[in-house]
Amino acid sequence: MADSSSATPSSSAPSPQQDGSDFLPSSTWWNRSINFFRMVTGRMSAGGAQKYWADADDRYSAFDCKRCEESRDYLLKYSPIIRFMNENIQKLGGELGPHNIHCRTCKGEEEAMQGGFDHKYGIKICANYVQERSVLEDVLTHEMVHAYDHLRFKTNLTLEDDLRHAACSEIRASNLSGECRWANEFFRNKILSFTNHHQDCVRRRAIISVMGRPNCKDDVQAVKVVNEVWDSCFRDTRPFDEIYR
Ligand SMILES: [Zn+2]
């Protein structure tokens, strides 16, 4: 037992391989090629492989965010629905633009969400879950309805918020954003009427969003609150004259 140090001579100082230094900084094409070659031929150490995947995550994240920001800027300029929402938000004294529409990588518990609105922070888009520009347009419209409602009603969509205000805004956001358009297209040639399926889709999404709020007890309460405000909030299509699409 006393002699154990001689049995494990290499345990005192980690070799370069063990600390992952065989993973080269990925700043150049050459280094990335060497890393990739080491990975595919099984020559990368465990530490190096860990660094390799962390680095890949970072680079994908940067790529996602850049694409998201480009789409965001394009939509702010050219999308009729985004421009219309922005004009109406401006009329209420708000200001949305690249400075407060943030593209971020979402992780863990945020996995199910595509975006979010906070009256202090602005709008967050989950760049890793929203990849197509047409989807971003829906997500952005959804969050802009929340921004509009916040300015219009001065709702405080936070912990202490009245759940009914939140439910109302979720109904409106799903109804007006085009998120339930798939229902429209899917059932276009089916016997089932569009209206019911559109409504079902909006209702389901609103209930899920309300359930996700920290001050909502459970699904029973979420359903109850959405039902309470449904009629007036589904009918309220402001700032649109009717459902836009
Ligand atoms: Zn929402």
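**Close-up views of helix packing**

**View 1. Helices α4 and α5 cross in a left-handed sense.** Left-handed here says that the near helix is turned anticlockwise from the far one by less than a right angle, right-handed that it is turned clockwise. This is a predicted model, in which local features need pLDDT of at least 70 and side-chain atom pairs count only at pLDDT 80 or more, while totals for chains, interfaces and linings use all residues. Residues are numbered from 1 along each chain as its sequence is written. Helix α4 spans residues 80-91, and its axis comes within 10 Å of that of α5, crossing at roughly 15 degrees (axes are lines fitted to C-alpha atoms, for helices over the stretch in contact, with angles from 0 to 180 degrees between N-to-C directions). The two helices are therefore roughly parallel (under 35 degrees; over 145 is roughly antiparallel, 65 to 115 roughly perpendicular, the rest oblique). On the α4 side, look for I81, I82, M85, N88 and I89; they meet E137, L140, T141, M144, A147, Y148 and L151 of α5 (contact: C-beta atoms, placed from the backbone, within 7 Å). Nine nonpolar, two polar and one charged residues make up this contact of α4 with α5 (nonpolar: Ala, Val, Leu, Ile, Met, Phe, Trp, Tyr, Cys and Pro; charged: Asp, Glu, Lys and Arg; polar: the others, Gly among them).

**View 2. Helix α5 runs from residue 133 to residue 153.** With its 21 residues, α5 reaches 30 Å from first C-alpha to last, close to the 30 Å expected at 1.5 Å a residue (expected span: 1.5 Å times one less than the number of residues). Because 15 of those 21 residues are buried, α5 is largely enclosed by the rest of the structure (buried: 20 or more other C-beta atoms, placed from the backbone, within 10 Å of its own; exposed: 12 or fewer; partly exposed: in between). Just past the end of α5 sits K154, with a positive phi of about 55 degrees. Most residues other than glycine have a negative phi.

**View 3. Helix α3 packs on α5 at about 65 degrees.** Here the axes of α3 (residues 46-78) and α5 lie 10 Å apart. That angle makes α3 roughly perpendicular to α5. The crossing of α3 with α5 is right-handed. C68, S71, R72, Y74 and L75 from α3 meet R133, L136, E137 and L140 from α5. Sorted by class, the contact of α3 with α5 holds five nonpolar, one polar and three charged residues.

**View 4. Helices α6 and α9 pack at an angle of about 50 degrees.** The axes of α6 (residues 163-177) and α9 are 9 Å apart. This angle makes α6 oblique to α9. Their crossing is right-handed. L163, R164, A167, C168, I171, R172 and N175 of α6 meet V225, V226, E228, V229, W230, C233 and F234 of α9. The contact of α6 with α9 comprises 10 nonpolar, one polar and three charged residues.

**View 5. The peptide bond from R238 to P239 is cis.** Its omega is near 5 degrees. You will find P239 in the segment after α9 (219-235).

**View 6. Helix α2 is followed by G42, which has a positive phi.** The phi of G42 is near 75 degrees. Helix α2 itself covers residues 29-40 and reaches 16 Å from its first C-alpha to its last, close to the expected 16 Å. To place these views, the protein chain has nine helices and three strands (DSSP runs numbered from the N terminus: helices H or I, at least four residues; strands E, at least two).

How values were computed
Contact = placed C-beta atoms within 7 Å.
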